[in-house]
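Reader: I am new to this structure and would like to know what the terms used for it rest on. Please show it first.

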Amino acid sequence: MIRIERRLTEARWLVVAVPAGSLLAAAFLSGIILALTGHDPIGTWARLLDRGFLAEGAMSATFVTATPLLLTGLAAAAAFRMQTWNIGAEGQLYLGAVGASGIGIALHDQSPVLIIPAMVIAGIVTGAAWAAIPGVLRAYTRTNEIITSLMLNYVAGLLMTYLIFDSHSYWRDLSTFTARVFPQGKYLSDSASWPSLGLAGIAIPFGFLLGMVAAAALWLIYSRTRFGFEARVIGDSRAAAHYAGIRTRRKIVAVMALSGALAGIGGASEIGDFRHVLDPRGLQQASFGYAGIVVAALARLNPFAVVIVAILLGGLSNAGFSLQGATFPAGLVGTLQGLILFCALAGELLVHYRIRFVRRAAPLARAPEKFGAA
Amino acid sequence: MKTPPPLGEGGVEADKPPAVTMRGITKRFPGVLANDGIDFEVLRGEIHALLGENGAGKSTLSNILTGLYRPDEGEILLHGKPVSFPAPRDAIEAGVGMVHQHFRLAASFTVAENLVLGHRDAADRGLLLEPRVVEGRIADLSRRYRMPVNPRARIWQLSVGEQQRVEILKVLYRGARILILDEPTSQLTPQEAEQLFQTLRLIAAEQRTIIFISHKLEEVMAVSNRVTVLRRGKVIGTVMTGNTNTRELARMMVGREVVFTKKKEGPAQAERQVALELRRVSANGELGTPALHDINLQVHAGEIVGVAGVAGNGQRELAEVITGLRRRTAGSVIVTGRQIRGGDPLEAIRRGVAYIPDDRLGTGVAPSLSVAENLVLKAFRRPPISTQGLLHPGRIRTNAVDLMQRFSIGASSPQVPARQLSGGNIQKVLLARELSSRPLLLVASSPTSGLDVGATDIVRGLLLETAGRGVGILLISEDLDEILALADRIAVLYDGRIRGVVERQDAHVEELGLMMAGAA
């Protein structure tokens, strides 16, 4: 009989050993599936690694995918650290994209020095405002922010669709006949394209650099500022925060807005770094907001770990695209990616819990609290 | 120690095999030897007290006897026959029943429903309950043991004392021959406790066996036939209650002579400045219904005013109204001469109101944050801990090292999460933080509940020392002995009203007890 027990102490080596073990388990399980479907496991793995990270241009492509994951991952980490469950990074990213593309269109004839900061700020403001809605509802009417932020994702998706497909909005390109028949957004001018940093042949998008700055800022906020201290107290015990005179409502709104701002930068970078047009279908298919939750969870809400995990998941996702073809169905790619994520997240359990094999049904042996180490 | 008590006293039968024999019981938890070779014997028809401080191993031993834990070593015999309990259900079937300190009743169910919950017997035909059969049996039992309770009442409608009766009835309903009661009087008035003792004597007179777990010496003396004292997982001894006294029991329990800290008799400090004044204060409780009515109370600087009462009579609301955690609906709260707006904990903190809440781990500290961080839970806003919105980790650490030493907080490092500390050390963290803020008024709610004798003594000493420095203290406690030991004046809270304020010299336990029950 198998029991799962909470670990009394969490050993440090587990933090390294568990992810490594999870990866091995994923390799083993996917190897079985690959062998069963008539593919060469080792070869597939090698190709996955090659296309994701090693091949010519692979890292540059990985960084493009990693950029929104990094920012939505930070968005989730920022909120989750305070036990505020912002599931709405998806919608906040859409809004960031709407805001950034709107400003980009409006300032199309200005210089990059003006347009790019304006796009970043627009992304921050719209993302933050969108996240503030569930924040205010949570703080002042005790509405469950999981539900409201999730529902607002659909609203944001419909809003984008409306702007491009169902209206003659400012974002929609109506300049040519084809554009009027096949709706699409206005493309931004070249001066609205964000620069990238070339490093050893790898192009690192401006959005990713912003994300790294944001990660450092988030770490600083949570570990070194009064604001972050208050947020951590609230996250740990709302009763203790109230007792300590911390104004919990304002803080909830502020942290939600912070989280939304990060996702909003992600949306702005999708426009500035990659798409250069408000593309509702492309953004909705990518589901970066939801993937960001996975990134944050795997990174255990540590902002620096979010950077690493975003790059790994970005590469994995890119490699998946290049694997699929005539002999390698997309479904199998999804299965492989799913297995890796599943093993990684399931492994997390082992950091906090241990599995014990016992002979008979014995009651769960909990150490009594009174004996806690003094 | 093996001398059996005289026959007849409490109906004890010495010629039959003991109801419970535990031999060489050992139970280890990571880093702790909770029970170390315990030999424990209880006779039929006996009320046997199990006495010990927190952490002495009482709960572990009773959890072993009820099948919740399995011993690493040792054997258990019931009525002379060896038994083993792989699961709690096996212990129940063997006739062992436990009345927990914190009741395990479903609040929205009736008394009758709670009694049959999870229990199968003749009254239980498949999925259908036979309410009348159950109710009839409950009526029989409550008459037999003088525990009046309405079988159709829902649990949430009952007082704490009544809920406890339901717990005891539940155990008896399931045919328990051996009853274990864990700290049964912790939430009762003196009169309710006396009623409980009567019931226990009736139960014992039927040759049933009662194990009475407690750390209160007086009640052990009042109710038991014999006492077994545990200390640090070992049996220190078993004595006849008639041949011992509280002093000897205290020494066995603690391992040294205990002189409880007491306030020296002295004149009341009437000339001093008023630290706190409540004028006709009313407030609502958690459910929005009135919980405090028209409270008038004064605490002078350097004075300790005790608020006695059974939990749930407005104590929490009273503390929260003063400390700004709760809004009042009427009246005024005046701290050192100035009215406070209320409903704003930060305002109270800034006005010099310190607060030790009864919910230590959930409210008093942020459990996952480190000891160092918890020590600046209020001071983090001010220099030197923070300037311009930025924290100074070095100063947080120095502050922690300093306070940990001054208040002898037993933590291996300032970075340990607060929840890993023992109750006594968590309370020291709270006291260190609140007292180092140089308060003018301290509101302390049940500051020693759940602490062992040593920690209790330290906390009481700190409270007296603090009052000696001119801080006004409002001591809200269910422990009447504590209030009698520390307070200059005693107010009794019942049903949200102050039933009376007496000087300590004029206080009588009986009179206070009656006020606590709303009878005077």
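Reader: What makes strand β13 of chain B a partner of β14(B)?

Author: This is a predicted model, and what follows is computed from it. Two strands count as paired from at least two bridges between them. Seven bridges join β13(B), residues 274-284, to β14(B), so the pair meets that definition. The two strands run antiparallel. Within β14(B), B:Leu297 is the residue opposite B:Leu278.

Reader: Which strands form the open sheet, and in what order?

Author: There are four, in the order β14-β13-β16-β17 of chain B, with antiparallel pairing.

Reader: What makes β14 and β17 of chain B the edge strands?

Author: Each of them, β14 (290-300) and β17 (338-340), pairs on one side only. Neighbouring strands of the sheet are turned by 15° against each other on average, direction ignored.

Reader: Which helix packs on the sheet, and which strands are touched?

Author: Helix α9 of chain B, residues 315-322, packs there and touches β13, β14 and β16 (328-335) of chain B. The direction of α9(B) makes about 60° with that of β14(B).

Reader: Why are α14(B) and α15(B) called roughly parallel?

Author: The axes of α14(B) (residues 423-436) and α15(B) (residues 453-468) cross at roughly 10° and come within 10 Å. Angles under 35 degrees count as roughly parallel, and therefore the two helices are given that name.

Reader: Which residues make this contact, and how do they divide?

Author: From α14(B) come B:Gly424, B:Gln427, B:Leu431 and B:Leu435, and from α15(B) come B:Ala455, B:Val459, B:Leu462 and B:Thr466. Five are nonpolar, three polar and none charged.

Terms used:
Residues numbered from 1 in each chain as written. Chains lettered and ligands numbered in written order. Predicted model: local features only at pLDDT ≥ 70, side-chain atom pairs only at ≥ 80, totals over all residues. Axes fitted to C-alpha atoms, helices over the stretch in contact; angles between N-to-C directions. Contact = placed C-beta atoms within 7 Å. Parallel < 35°, antiparallel > 145°, perpendicular 65-115°, else oblique. Nonpolar A, V, L, I, M, F, W, Y, C, P; charged D, E, K, R; others polar.
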